[in-house]
Amino acid sequence: MSGKDESIFSKSALMGTKPGKQIIKQGLFKSKGFKLFNQYKQEAEDTFPAFAQRFAKNLFDQINADQSPNTTQQQFAEEVGSTEIILNASEIEPIKSKLQDFDTLHDRVLRILNSNFVKMTFPVFNGLFDASTDYFKDDKNTTMREDIVDGHIIAIDLSEPMDRIVDKDEDLEYLDDYKLMNPYILKLAREKISKGGEDVLKEFEEGFKQARIGQYLDTKLKDKPTEITEEELIESYKKYRSVMGTAGRNMALNRAPLADIFYTGMAKAAESVGCGNEIEDSIRDRSAKIPSWPLFYSLKMNDAKSGFEETMKHSESYLSEARDALEKLPKNFSHTKFLEFLFLTVEHYNQFWYKKLQEENIWSDLNKNLPTK
């Protein structure tokens, strides 16, 4: 579901964790979960270039057709509650004319799609959509599947350029291009998701709103790292659970009983992955991210090592809730083993980074870099 490093799923990396060994075992015995997961992973790899091309072409058409790009920028800033992520009126024209070259725009799209979060979410959504189609005995509709999956991947992908603009930690020379692209990315996501009907679009809008609340709180909490409460951190994690949970719900076209089960499974798995991401970031930055569970627990226990240990327990409790959701799946559900295997990869992902952190042995740096009152 996430991760920035392909080697996480290499044989030697898998051998290093308990869930990793189970993944290898399932691969050797060609278990149903492994086979389904592999099938969707292969399909995603094969269709990814066509998706990126489609995405770029749709954006290209929208950018070229927009007669008032400044209004588009202003409306986007209003909706997401920040003027930091848009261009000034005077900056628009040169950026727009640059992105009117398709190859340039296609390059920017590929840059923001270069995230394993996106690449690993693709097979999951396709699997959930097919599972729902089987359960509800829907006609196989490849166009609908493409629109719904594309739409949610594009919506999730919007967080990539927005994070890069806010964090200013990579792609510095392309940030203005992303500022111009963002409103069109959101519009495109909405157009595709709306093909699933009013209920599906409404669910997306609610999830998007909740994610924005989480993101906004995240920014506010950066100013008071030592005073963050547990309630505030739970609220800030909406950015993980709302986006993925809503996407899960909508892969069942927001229909009971699968909608709620998919929501819980995806939301809790995403929160669990969030812990792994924060551990990975801490290794890179040699300090606990603000805000994050590692920071919260390290401050609470006045010790980074204990704080990160507690974070791992927290990630396990999220994953346990995700697995509990599978218990509610209908009998003989076609993709139960697929989802069990998916959660095994999440567990391995978190353990991989925690083990890496222990090997790095940077506890003194992490303690030294804890914020003080």
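Reader: Hey, is H10 largely enclosed or open to the outside?
Author: Largely enclosed by the rest of the structure, because 15 of its 19 residues are buried. Keep in mind that this is a predicted model.

Reader: Okay, and where does H10 sit, and what does it span?
Author: H10 covers residues 175-193 and reaches 26 Å from its first C-alpha to its last. That is close to the 27 Å expected at 1.5 Å a residue.

Reader: Where's the kink in H10?
Author: At methionine 181, shortly before proline 183. The kink there is about 40°.

Reader: Switching topic: what's the secondary structure of the whole chain?
Author: It comes to 18 helices and zero strands. The radius of gyration is 21 Å, close to the 21 Å that the globule rule gives for 373 residues, so the chain is as compact as a globular protein of that length.

Reader: What does the C-alpha trace span along its principal axes?
Author: About 55 × 55 × 35 Å. Of the chain's 373 residues, 54% count as buried.

Reader: Now serine 298. Which helix is it in?
Author: Serine 298 is in H15, which runs over residues 293-301.

Reader: Why does serine 298 count as buried?
Author: Because its relative accessibility is 1%, and buried means under 20%.

Reader: So what does serine 298 touch?
Author: Leaving aside residues up to four places away in sequence, serine 298 touches Asp303, Ala304, Gly307, Phe308 and Leu370.

Definitions and conventions:
Residues are numbered from 1 along each chain as its sequence is written. This is a predicted model: local features need pLDDT of at least 70, side-chain atom pairs count only at pLDDT 80 or more; totals for chains, interfaces and linings use all residues. Side-chain values use heavy atoms; hydrogens and water are left out. Helices (H or I, at least four residues) and strands (E, at least two) are DSSP runs, numbered from the N terminus. The expected span of a helix is 1.5 Å times one less than its number of residues. The bend at a residue is the angle between axes fitted to the seven residues ending there and the seven starting there. Buried means under 20% relative accessible area, exposed over 50%, partly exposed in between (1.4 Å probe, protein chains only). Contact means heavy atoms within 4.5 Å. The radius of gyration is taken over C-alpha atoms; the globule rule is 2.2 Å times the number of residues to the power 0.38.
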